[in-house]
Amino acid sequence: MAPLQTSQQTGTPLSPAELSYLHTSLTLTPPIRPDSRTPTQFRPLFAESDILPSTNGSARMIWGDGGECIVGVKAEVEKNSISSGGPRDWIETNVEVSGQRDDDAFLGMTVAESLLVPGSGVLERLVLGERFHWKIFVDILLLTPPLSHPATLLTLTTYLALRNTFLPKLVSEAAEDPVFDDDWGNGLPLYPVDRIPPPITLLVVNVGENIFFDPTREELAVGDVVLAVSICEKKVVGVRTLEGGSGGVKREAVKRVIKESCEVAEEVFSSLNGVGEGD
Amino acid sequence: MTDRRRINGPAEGTTPPVFLTSSTHKPVIKRSPTTLRKIFLKTSLTPPATGSAFLELPTPSNPSTPTLKLTASVYGPRPLPSSTTFSPDARLTAELKFSPFSTPGHRRGYIRDGVERDLSAQLSIALEKSVDVGKYPKSAIDVFVSVLDCEGGLGDAGDGNDGGVEVGLMGVVAGAISCASAAIADAGIECFDLVAGGVAGLIRERGGVVEEDHVGEGMEAGEDISGARHGEKKNRGIALVLDPSPTDGYIILAAAAVGYMAARDELTLVWTKGSMGREGDGTDEVERLVDGAIAAATSVRLVINEAVKERLLLGLKEIGLIKEKAGGNDGDIVME
């Protein structure tokens, strides 16, 4: 699973007494988080987009704790006959966690599943005439594994990179071999502003009656249930359960977590869209 | 002059044999959307394992159509290897493996790929929360699930799904959870509850086949087939289907798999795919889907109960605590 959180027992350096203290302070109303954030408050982060000149779109984000994520999106023209799997193969995601030999199955699957959700309309924009299509490579690099689960950091950066991805404009006819406009300024966005935006995944932890967003590793360790909720324009496009917590959780709690994630996601979307406008 | 050193083929040539593909026939939906398939579940079939179970879904009318078959074996609780650090709880690891011949169409490799690692992680999450790990310090419980046959729909190349969500993996996970939970019970490991896996999907109606045996689930038949995409006209032409199979031929908009502990009314795993709208007026598709999956899991739980009980009674009979039961009970129970 997560790079640092290999198992619940070894995941945190906290003693059972400390965990119990943390659990109690998180179940209070109003809850008290160790870093005195409000339940829906994210940790401060530094974000920038368009940092890699040789990609079609890129972004970088840094958490305060040193976690850093760089995403580069590259596009290639491919013949329709090459990828046997059909449009499903047109977007390839790859997660590289520095210091880990295997790529993380969970992170890659979450991103790929939410990107390829039917009806998002992105695959239609990749068609180039009758015989060709764009193949998009989303390469995600987690530089320093942050002290918490990297899912939130990773998808926020991916969102930013995809939002800033531009593809060269096609000038040839549908039946011809594709020829592109050589002016990058005429490039078309992969995710136009008026269409469905790329999805984001929020990590949510439920402790007692309280729901916390962007949890730290310690908060994950005492949570009743940890869910990764993927949201795309007011719609839930995926829910996954993460390791952590003991015993099951009532269905009402799960529903409440999902409901609240949708509300918080709207704020996240609007603040992400503001990245880069300031400078 | 003839060439006598080689064995030549016929001079006029031959035509290569053409085999009929099994996928040409149209799938016929016999089940109503809210009926589950029968489940065959039997425990203690792998002698060397501490506990084991075998789960199989019934073979459809066409014998060449694949069905889900999987075995689970549980080893442990056994001591952790001396190299590992101290652990106050039992460490449960689950490993799910597709057999190379299990997938219809193309072969799977022996090396675990991303999909298998992902499913293994989900399986271990679902099971870990049901086992009383605090009772077994310094020990390891290993669960191995091996998929012998599955129905496809795994998102592989050539699965040919016209724009829906793949439910094959969810069916495998749900089956693996139920089977592994029965195996854990068979191993005699203390649990809080048994976990049952359930899958539900939201479908958009198409064609006339589905309409006939539909048990009106708040939808107007026939009128909305042309396909208002989910969004503007929600709940019209969108129906809930329990235990969907990739061979059913539904176009599934969204699907959910849950691990559910029925006696405690608690979830251990939630996994959804596909986009689900969220409206404030009580027609939340997420809630509907999760409730549907829970309903499916509750029915599956009855089968697990029966399988575990059957084994227990057999054990009691062997040591002579109870007498032979009269009347043939073949282990089949009827689900509603």
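Tutor: A term first: axes are lines fitted to C-alpha atoms, for helices over the stretch in contact, and angles run from 0 to 180 degrees between N-to-C directions. Helices (H or I, at least four residues) and strands (E, at least two) are DSSP runs, numbered from the N terminus. This is a predicted model, in which local features need pLDDT of at least 70 and side-chain atom pairs count only at pLDDT 80 or more, while totals for chains, interfaces and linings use all residues. Residues are numbered from 1 along each chain as its sequence is written, and chains are lettered from A and ligands numbered from 1 in the order in which they are written.

Student: At what angle do helix 1 and helix 2 of chain B pack?

Tutor: In helix 1 (residues 114-128) of chain B, the residues that meet helix 2 of chain B include L119(B), L123(B) and A126(B). Contact here means C-beta atoms, placed from the backbone, within 7 Å. The axes lie 10 Å apart, and the angle is about 45°.

Student: Are helix 2 and helix 4 of chain B roughly parallel or roughly antiparallel to each other?

Tutor: The axes of helix 2 of chain B and helix 4 (residues 285-318) of chain B come within 10 Å and cross at roughly 25°. Angles under 35 degrees count as roughly parallel, over 145 as roughly antiparallel, 65 to 115 as roughly perpendicular and the rest as oblique. The two helices are therefore roughly parallel.

Student: Which strands stand at the edges of the eight-stranded sheet?

Tutor: The sheet is open and antiparallel, in the order 10(A)-9(A)-11(A)-12(A)-9(B)-8(B)-6(B)-7(B). Two strands pair if DSSP finds at least two bridges between them. Each edge strand has a single partner, so one side of each is left without a neighbour in the sheet; these are strand 10 (210-213) of chain A and strand 7 (238-242) of chain B.

Student: Which residue stands opposite M276(B)?

Tutor: M276(B) belongs to strand 9 of chain B. Strand 12 of chain A runs antiparallel to strand 9 of chain B, and three bridges join them. The residue opposite M276(B) is V236(A).

Student: How many bridges join strand 8 and strand 9 of chain B?

Tutor: The two strands form a hairpin with four residues between them, and D265(B) in the turn has a positive phi of about 55°. Within the pairing, V258(B) stands opposite V270(B). The strands run antiparallel, and the number of bridges is seven.

Student: How many residues of strand 9 of chain B are buried?

Tutor: A residue is buried if 20 or more other C-beta atoms lie within 10 Å of its own, exposed if 12 or fewer, and partly exposed in between. Strand 9 of chain B is largely enclosed by the rest of the structure, because the buried count is eleven of the eleven residues.

Student: Where in chain B is confidence lowest?

Tutor: pLDDT is the predictor's confidence in each residue, from 0 to 100. Chain B averages 79, but pLDDT stays under 50 over residues 207-235 of chain B. Where pLDDT is low, the predicted coordinates should not be read in detail. The lowest mean, 39, belongs to helix 3 (residues 209-212) of chain B.

Notes
Contact = placed C-beta atoms within 7 Å.
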